[in-house]
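Thanks for coming. I will go through one structure today, element by element. Please have the sequence and the coordinates open.

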Amino acid sequence: MVKKVIDIENVFFYNRKSKVEKLENKVISNFGLKRFLEKTSTKAGFLIIIIFITVALFAPVLAPHDPLLVDVTNKLKNPSLSYPFGTDQLGRCVLSRLIWGARNSLLYSFTVLFATLMIGVPIGLVSGYLGGKVDSVIMRIIDIFMAMPSFIVALAIAGTLGASGKNLVFSMSLVYWAEYARLSRALTMQIKEQSYVMALKAGGCNDFQILFKHVLRNIASSIIALATMEIGSIILSIAGFSFIGLGVQAPTPEWGILLSDSKEYIQTFPSLMIYPGVAIVIVVMAFNLVGGGIQDGLSAKKR
Amino acid sequence: MNYKKTVKKFLAAGLIMSMLLTGCGAGENKGASSASEGQKTQSTSKESTKEDTITVLTASNIDPEIADTIDTSTNAFQLYEMVYDPLVRYGENGEIEPALAESYDVSEDGKVYTFHLRKDVQFSDGTNFNADSVIYNTNRWDDKVKGNFSAKLEKVEKVDDYTVSFTFDHAAYPIIIEFTYPRPFRMCAPSSLDKDGKFVLGVGTGQWKIESYEEGQEAVLVKNEYYYGKQPSYEKVVLKFVDDGQSRVMALQSGDADICLADVPVESAGVLEDDTDVSSVKDVSTLSFFFGLNYDNKIFSDIKVRQALNYATNKKSMVEDIMNNDATAATGIFSSSVPFVTKENSKGYDYNLEKAKELLKEAGYEDTNGDGIVEKDGKDLTLNLVFQTEEYSNWKTICEFIQSEYLKIGVNIELKEMETAAYYDAIWTTRDYDIIIYRSYEDSWNPHGFLSSVFYQSKDQPSVFWYDEKLNTMIGDVIAQPDITNVQEKYDEIFKYMDENAFTIPLYYPNQTYYYNARLSGVDKAATSYQGIVWEDISIN
């Protein structure tokens with residue numbers, strides 16, 4: 001059960017094929033929530049994610065101040081009762097910006113994930129189910145996308161379209177869908193050979209129903225496993241893009257922006273940089289713990 | 001095993017964070033990869049030691065390969081100052097001082113400038129500098145280069161071996177100042193070009209010569225043994241291009257750099273002041289920062305909108321709270337250290353939100369749907385504000401501050417950060433902005449050079465920041481003044497007119513501070529910011 005949960009290569013130029021391949025032969029209808037929650041580390045990860053999502057959802061209520069409220073007379077203050085994490089270079093509440101940052105960072109990440117799933121999974125399903133020429137053509141396209149270093153391509157697209165959160169989500173989705181397509185295709189091909197699919201066909205179900213009602217349901221768990229593993233690197237990429245100014249634009253509170261804003265103050269006010277850094281580390285770690293847990297659950301079931 | 005795994009994960013996460021940070025560091029060193037292939041070494045250098053080398057940080061890309069005297073695309077003024085000499089130099093308070101010319105005469109009618117050259121000057125390749133060298137250089141000046149003179153240069157003649165005369169079509173007071181510019185009227189040796197006439201590497205008469213360089217990173221200069229003036233007591237200056245303010249600070253603190261000629265982030269200034277290993281020399285700067293408005297944007301054609309934005313600009317708070325008082329709130333486009341600028345002709349706008357709101361209302365902008373943003377004909381007043389952070393690290397903070405300030409009068413500002421090259425493209429070619437933060441030129445360019453460069457429309461060049469027919473005529477008129485007698489009066493009119501019409505939004509005049517390592521002594525500011533430092537007086541302790 002020794003496996004790499006996150007390795008450095010995986011962050012920017014990760015070998016996406018290997019990750020997909022690992023999951024490809026794991027068609028399991030039900031991986032069992034109970035089984036994967038047994039491990040303490042997964043439980044902890046799950047809890048952290050729940051906390052962060054709650055914080056993100058209730059940001060308007062939880063944040064003590066308006067994250068955009070500038071008060072330069074009150075800049076770079078140490079933590080106090082009304083500003084628990086102090087204030088930044090424009091006198092904005094750091095805690096509020098972190099909380100809203102969670103909302104924005106997670107929102108952008110989930111949007112990218114959702115978009116890649118929405119593009120990748122249907123393409124994979126159709127390709128795997130139909131087979132033949134359609135499959136060959138789609139597979140070659142997928143191969144092209146998988147061969148390109150995704151971060152660089154997303155960087156190029158975001159750079160050409162201009163820097164904004166919208167363009168970033170667009171360019172990342174455009175690049176990251178391929179692995180889901182590949183995974184769902186492989187799984188679909190295995191499932192379509194099974195007798196119940198034959199039975200469904202014989203029973204008069206049309207292809208659309210078979211694919212999206214029955215096949216999709218059976219491959220969902222593997223796809224969720226991949227998605228959970230991926231969300232961590234998506235969060236990192238988005239923060240990275242924002243840091244270099246190609247993603248979400250200031251003054252939107254987003255963790256990458258918070259990091260890049262604070263780099264001028266690394267000596268005078270290092271805490272500005274530490275807070276968003278720690279937040280990113282914790283969230284990414286939590287998602288990877290859960291992703292690892294799910295994958296463990298899958299392989300256990302398989303055995 | 002679980003424990004082990006968790007530790008591993010923590011380590012990995014930590015590594016990722018550091019990668020995220022260093023990854024961006026690499027991003028800032030754009031062209032680092034191309035630099036290795038573009039690396040060229042002119043001559044085999046002697047092993048340099050820390051005792052005879054001074055490392056200097058700049059924020060403008062040092063690229064000796066294209067630093068031709070007549071090239072106007074690079075901003076590496078320090079390099080120009082060190083390698084090439086002008087005929088006359090711009091001294092303290094705008095005094096015209098001798099350089100390659102010992103003296104000069106101007107004819108009665110002000111059209112003919114005769115320069116008497118020094119007889120002891122040699123280029124750094126050992127060849128003699130004389131009237132023929134001047135003719136060689138002036139022959140390279142095409143119409144575009146000559147366009148940098150306020151009058152049309154008709155002919156250049158060699159009077160004798162050490163006397164040259166320049167004849168212009170009419171007299172203009174700025175001509176002699178224009179001879180002092182860091183570019184494009186400086187003198188290079190024929191060996192700067194290859195046999196096909198293509199520029200290879202600058203060879204001049206200056207105090208320094210280029211020994212080697214790495215494109216986009218640094219240039220190593222050694223002292224020019226043929227230099228006619230005072231020789232420095234050390235061997236080399238390394239000009240290093242560092243485009244991140246915080247990195248410049250850290251390079252100074254670690255001792256990797258000796259002098260920083262570029263801007264440092266305002267919060268770090270305190271750190272450097274407290275550092276006993278770092279000293280500083282302060283300079284009165286002729287620089288000013290302002291917002292340029294895009295005159296193609298119809299919103300700005302209404303003077304009330306421009307005035308409202310000026311009234312809504314809280315310059316006092318900007319200077320006191322953000323800049324920690326290390327600057328002066330701007331009243332006009334130029335600071336009072338610039339010739340012809342007076343209190344009376346640059347009054348500026350006070351901070352007055354009520355007045356700003358009123359003016360916007362008069363211009364037809366009102367918040368009818370209660371979203372806090374004013375609108376006209378159902379369209380929100382949204383403007384983008386373009387900035388860069390490589391040369392002036394405080395601009396981002398300033399722009400974010402202004403964004404929050406303008407929101408108080410219901411103007412929605414969208415910030416757009418650009419990398420330096422794209423930013424300059426936006427100014428000079430694409431005009432892809434509503435508001436853009438920019439700086440004035442400095443020293444000898446101010447005020448006439450800057451005004452005619454960005455507010456003046458010639459036949460083939462549209463105005464850069466603002467076009468106004470009357471302003472255009474006035475600027476054209478003042479730079480055509482044969483002598484200084486009426487110039488003050490004309491500038492009074494121009495500055496007043498620009499102020500009343502709010503063609504720009506002046507922000508502040510920064511103070512110039514050069515930080516240097518305390519191992520150096522005798523560091524003193526030069527007369528112009530292009531020179532920066534008086535090199536020959538520095539000694540390494």
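Predicted model: local features only at pLDDT ≥ 70, side-chain atom pairs only at ≥ 80, totals over all residues.

Let me begin with a detail: which residue in E6(B) is the bridge partner of B:Asp105? The partner is B:Thr114.

E5(B) and strand E6, residues 112-117 of chain B, are joined by 5 bridges and run antiparallel. Both strands are part of an open sheet of 4 strands in chain B, with the order E5-E6-E8-E7 and antiparallel pairing. Strand E5 (101-106) and strand E7 (153-160) of chain B are the edge strands, and each of them pairs on one side only. On average, neighbouring strands in this sheet are turned by 20 degrees against each other, direction ignored. There is also a helix on this sheet: helix H4, residues 131-139 of chain B, lies across E6, E7 and strand E8 (163-168). Relative to E7(B), helix H4 of chain B runs at about 160 degrees.

Now the domains of chain B. The chain is divided into three: domain 1 covers 36-69 + 194-283 + 513-540, domain 2 covers 85-187, and domain 3 covers 289-510. Between the centres of domain 2 and domain 3 of chain B, taken over C-alpha atoms, there are 35 Å. How many residues of domain 2 of chain B are in contact with domain 3 of chain B? There are 12, and they meet 11 residues of domain 3. On the domain 2 side of that contact, the residues are 7 nonpolar and 5 polar, with no charged ones.

If you want a residue pair to look at, B:Phe289 stands opposite B:Arg439 in E20(B).

Next, a helix pair in chain B. The axes of helix H7 (residues 245-254) and helix H8 (residues 266-274) of chain B come within 10 Å and cross at roughly 5 degrees. That angle is why H7(B) counts as roughly parallel to H8(B). Which residues make the contact? From H7(B) they are B:Gln246, B:Val249 and B:Leu252, and from H8(B) they are B:Ser268, B:Val271 and B:Leu272. By class, this contact has 4 nonpolar and 2 polar residues, and no charged ones.

Some backbone details follow. Where in chain B are there cis peptide bonds? One joins B:Arg183 and B:Pro184, with omega about 10 degrees. B:Pro184 sits in the loop between helix H6 (175-178) and strand E9 (208-214) of chain B. Another runs from B:Asn446 to B:Pro447, with omega near -5 degrees. B:Pro447 is in the loop between E20 and helix H14 (448-454) of chain B. In chain A, A:Leu76 has a positive phi of about 45 degrees, although it is not a glycine. A:Leu76 is found in the loop between helix H5 (59-62) and helix H6 (94-130) of chain A.

Last, the record. For chain B, an unreviewed UniProt entry lists "domain: Solute-binding protein family" at residues 95-459. Over residues 95-459, chain B is 26% helix and 23% strand, and the end C-alpha atoms are 32 Å apart.

For chain A, an unreviewed UniProt entry places "domain: ABC transmembrane type-1" at residues 102-291. In the model, residues 102-291 of chain A are 84% helix and 0% strand, with the end C-alpha atoms 20 Å apart. UniProt, in an unreviewed entry, also places "transmembrane region" at residues 44-63, 106-130, 142-161, 223-252 and 272-294 of chain A. Residues 44-63 of chain A are 90% helix and 0% strand, and their end C-alpha atoms are 24 Å apart. For residues 142-161 of chain A, the figures are 90% helix and 0% strand, with 23 Å between the end C-alpha atoms.

That is the tour.

How values were computed. Residues numbered from 1 in each chain as written. Chains lettered and ligands numbered in written order. Domains from an automatic or database assignment. Contact = placed C-beta atoms within 7 Å. Nonpolar A, V, L, I, M, F, W, Y, C, P; charged D, E, K, R; others polar. UniProt positions renumbered as here; feature names shortened; annotations may be inferred. Helix = DSSP H or I, 4+ residues; strand = E, 2+ residues; numbered from the N terminus. Axes fitted to C-alpha atoms, helices over the stretch in contact; angles between N-to-C directions. Parallel < 35°, antiparallel > 145°, perpendicular 65-115°, else oblique. Pairing = 2+ DSSP bridges.
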